[in-house]
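Please keep the structure in view while reading.

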Number of protein chains: 2
Amino acid sequence: MSSADFLTDFHHVATIGATPRQGVDREAATAEDAQSRAWFSKWVTEAGYTLHVDGIGNMFGLIEWTPGAPFVLVGSHLDSQPLGGRFDGAYGVLAALHAARDVDELVTTSGTVPPFNLAVVNWFNEEGGRFAPSVMGSSVFAGLFDQEQMLDTTDLAGVTARAALADIGYLGTDLRPVTVSYAEIHIEQGRILEREGIAIGVVDRSWYTQKLDIEVLGEQSHTGATAMADRHDALVAAAKIILLVREVTADFGEDAIVSSVGQLTLEPNSPIVVARRVRLVADLRSGDPAIVQAARATLLEKIAALAVEHDIQINVTDFDIRPIRYFPEDGLLVAEQAAVRAGLSTRRIQTMAGHDSVAMNTIVPSIMLFVPSVDGVSHCEREFTTDADMVAGLAVLTEVATDLVHGALLDPAATPGVLPSVRA
Amino acid sequence: MSSADFLTDFHHVATIGATPRQGVDREAATAEDAQSRAWFSKWVTEAGYTLHVDGIGNMFGLIEWTPGAPFVLVGSHLDSQPLGGRFDGAYGVLAALHAARDVDELVTTSGTVPPFNLAVVNWFNEEGGRFAPSVMGSSVFAGLFDQEQMLDTTDLAGVTARAALADIGYLGTDLRPVTVSYAEIHIEQGRILEREGIAIGVVDRSWYTQKLDIEVLGEQSHTGATAMADRHDALVAAAKIILLVREVTADFGEDAIVSSVGQLTLEPNSPIVVARRVRLVADLRSGDPAIVQAARATLLEKIAALAVEHDIQINVTDFDIRPIRYFPEDGLLVAEQAAVRAGLSTRRIQTMAGHDSVAMNTIVPSIMLFVPSVDGVSHCEREFTTDADMVAGLAVLTEVATDLVHGALLDPAATPGVLPSVRA
């Protein structure tokens with residue numbers, strides 16, 4: 001394993017779509033995303049592996065030691081948030097490429113052909129900033145989302161995911177690899193590993209998450225000529241909702257729930273017109289579904305009272321509900337033993353954020369690893385993880401991938417492999 | 001005078017850019033604005049008058065009884081707010097066209113040539129919803145705004161006013177008429193005339209208005225993975241500012257001040273990202289400048305405290321400050337006597353909203369008339385004024401225009417006329 005090669009590649013990819021403050025801006029299916037995809041494609045091809053691109057823009061670099069055998073997948077995503085960090089997603093793809101090459105070299109030098117093949121994946125649109133919902137490519141792969149429906153989603157400019165992918169040349173038609181297991185490494189995006197001085201987080205479950213689509217319907221009027229008492233200002237009511245979404249977290253223990261409003265559209269958005277309509281998305285997440293449900297109930301009650309107080313209509317719709325998902329105990333043990341062999345400390349950890357591994361874990365046994373994030377910050381330009389922590393994570397991922405292709409988690413004789421839900 | 005012709009024309013123009021709920025959507029320099037401009041152009045030409053279009057898209061229909069004599073202007077604007085009402089602006093232009101024709105017929109039949117010529121004007125971009133600031137065309141005419149700077153303003157899609165006007169064919173090069181006085185009629189956009197059962201409001205002053213451009217700079221982070229305590233959410237702080245702007249009005253007497261936030265942009269506006277930056281415009285208006293200044297001081301103080309509380313940066317910039325402007329007493333008397341002759345009741349009234357007449361009144365004596373608005377609502381589809389009230393207003397405007405071309409407000413021998421500041 002050459003950690004120097006990995007770091008060279010990682011820091012090179014961080015220059016694609018680079019922002020002035022050390023972040024990256026590579027939203028799904030943009031020109032910058034296309035550049036990082038071209039880099040991935042070139043790397044895979046030059047390594048002698050086979051590139052497949054499926055019908056939702058997921059990219060696979062296939063290492064086929066045994067023709068026809070199913071695949072272990074390792075990877076993450078190269079797309080980013082607008083003005084996002086250079087580690088989120090990209091670290092997992094770069095580590096997967098280098099782990100796969102190390103496993104391949106080991107297979108070649110040892111002469112022992114493992115029962116499963118190996119593929120590195122770059123999932124489409126994990127971030128969901130341009131096309132919602134997030135975790136799109138892996139969720140389509142896992143059959144959780146319908147491919148045609150996802151291709152029909154539009155960005156704020158009205159461009160479909162289908163058109164955007166076709167435009168950059170990544171609306172593929174290749175077959176998806178038949179898959180038996182999945183592994184991914186990612187930055188923690190929280191402070192726990194840093195605070196406790198632990199090298200590797202082994203993710204045992206994902207948080208319960210849900211979103212609320214909230215539409216506030218007021219009455220448009222002239223800001224300069226309408227008495228305050230005569231107004232039905234949709235933005236004033238929306239501002240109160242934004243604060244309610246924030247304040248509801250105080251009803252529960254510290255760090256028991258996170259909430260936010262990150263998206264808002266205002267109509268007509270004219271400086272001298274009282275707003276007619278505001279649409280916003282509230283996001284609620286907790287390790288305990290009952291807490292999210294209690295917070296949601298409180299919000300619905302207070303929003304209903306707000307609608308009466310302001311004599312306006314407020315419509316609230318639940319969407320994107322994601323239950324707690326547990327990663328399999330066998331996989332946690334594989335990861336912990338791999339870390340022990342690499343001489344690294346571990347702890348079990350939950351993920352508040354969604355990840356491709358959470359979608360994949362619904363169809364095949366999956367392993368999710370975290371490395372520390374400095375200050376816990378993420379989805380912003382100052383997101384940071386040290387080279388040493390990245391290299392340590394790469395060592396563990398390489399061990400895990402080696403175990404998986406040799407049959408850890410699955411008996412190759414007993415398991416024909418899980419077919420992805422949609423093949424083209 | 002044929003009120004039937006006027007009503008036919010008025011209700012026809014209301015079909016241009018009509019919305020399903022009886023409003024219109026004719027923002028400045030859009031295809032719908034172009035249609036109403038084409039209608040204006042055809043009407044003026046068919047009446048035998050001369051059409052001029054100046055360098056900021058203002059349109060003039062010139063009736064030149066005495067070649068070389070200066071002009072009295074009457075008019076308003078045909079552009080609207082997005083999903084705006086069909087009366088705001090359009091009523092004033094339609095009334096001006098019909099008043100002008102009546103005056104012209106009177107001149108022809110009486111054989112008495114007045115000392116001043118008469119022109120009907122359709123001002124560019126009074127509303128300011130697409131290109132800010134509002135009251136753009138008349139303010140350029142009056143020399144309050146620089147024409148080149150206004151042509152360089154952009155809409156939210158980045159299109160300049162210059163390009164938009166050129167695109168619809170109304171970036172003109174004609175001379176502006178040399179002007180001695182101005183008259184305009186408009187719906188009240190308030191409840192006073194309706195409440196008191198008065199037919200005509202004679203505007204004696206405009207309110208003091210000012211805007212604040214507020215930029216809230218937080219820190220972008222992951223909604224799903226950032227502890228609540230670690231966030232610097234620009235949207236939460238912005239929501240508090242929206243409520244402060246609303247609440248500050250309660251410090252003063254009822255109807256003493258109006259305030260609002262009508263425009264807001266959010267970055268990155270992704271459902272799973274805590275907001276980095278919010279920019280919003282607060283609008284403060286009062287009949288008493290001291291009240292606006294007191295409200296502004298309170299807001300600045302509370303916003304500064306908010307920035308400390310949230311550990312974020314908030315930048316506030318004053319702009320678009322418009323002092324109280326008084327309409328000349330002589331003009332008020334001309335209007336009141338005209339109403340008496342038409343058998344209509346009047347009262348003096350202030351305008352909270354900006355109008356082209358307020359800009360024109362800075363360079364020539366101007367008269368501003370109001371007719372009642374049902375429920376006082378404006379800048380929305382359910383804005384309404386009865387046919388009878390519109391026809392009554394037309395009668396008064398015709399009287400006023402007749403007086404003005406015959407020298408009311410000005411001694412034609414003593415006054416050479418005011419040259420507009422920019423001629424092309």
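To compare copies of a chain, they are superposed by least squares on the C-alpha atoms of residues with pLDDT of at least 70 in both. The model is a predicted one. Treated in this way, chain B can be laid on chain A with an RMSD of 0.0 Å. Which residue of chain B comes closest to the rotation axis? It is B:A239, whose C-alpha lies at 2.2 Å from that axis.

Both copies use the same surface for their contact, since 100% of the contact residues of chain B recur in chain A. Chain B gives 59 residues to the contact, and chain A gives 59 residues. On chain B, several elements each supply at least two residues of the side that touches chain A: the strands β7, β8 (221-222), β9, β10 (273-274) and β11 (277-286), together with the helix α8 (234-247). Sorted by class, that side of chain B has 26 nonpolar, 23 polar and 10 charged residues.

Some of these strands also belong to a sheet. In chain B, 4 strands form an open sheet in the order β9-β11-β7-β12, with antiparallel pairing. Its edge strands are β9 (257-267) and β12 (313-322) of chain B, each of which pairs on one side only. On average, neighbouring strands of this sheet are turned by 15° against each other, direction ignored. In general, the strands of a sheet pair through backbone hydrogen bonds, and they may do so in parallel or antiparallel fashion. How many bridges join β7 of chain B to β12(B)? There are 8, and β7, which spans residues 208-217, runs antiparallel to β12(B). Within this pairing, B:K211 has B:F319 in β12(B) as its bridge partner.

The last stop is a pair of helices in chain B. Helix α1 (residues 3-13) and helix α3 (residues 90-110) of chain B have axes that come within 10 Å and cross at roughly 145°. The crossing of α1(B) and α3(B) is right-handed. From α1(B), the residues B:D5, B:F6, B:D9, B:F10 and B:V13 take part in the contact, and they meet B:A90, B:Y91, B:L94 and B:H98 of α3(B). By class, the residues of this contact of α1(B) with α3(B) divide into 6 nonpolar, 1 polar and 2 charged.

Conventions:
Residues numbered from 1 in each chain as written. Chains lettered and ligands numbered in written order. Predicted model: local features only at pLDDT ≥ 70, side-chain atom pairs only at ≥ 80, totals over all residues. Pairing = 2+ DSSP bridges. Axes fitted to C-alpha atoms, helices over the stretch in contact; angles between N-to-C directions. Contact = placed C-beta atoms within 7 Å. Nonpolar A, V, L, I, M, F, W, Y, C, P; charged D, E, K, R; others polar. Left-handed = near helix turned anticlockwise from the far one by under 90°.
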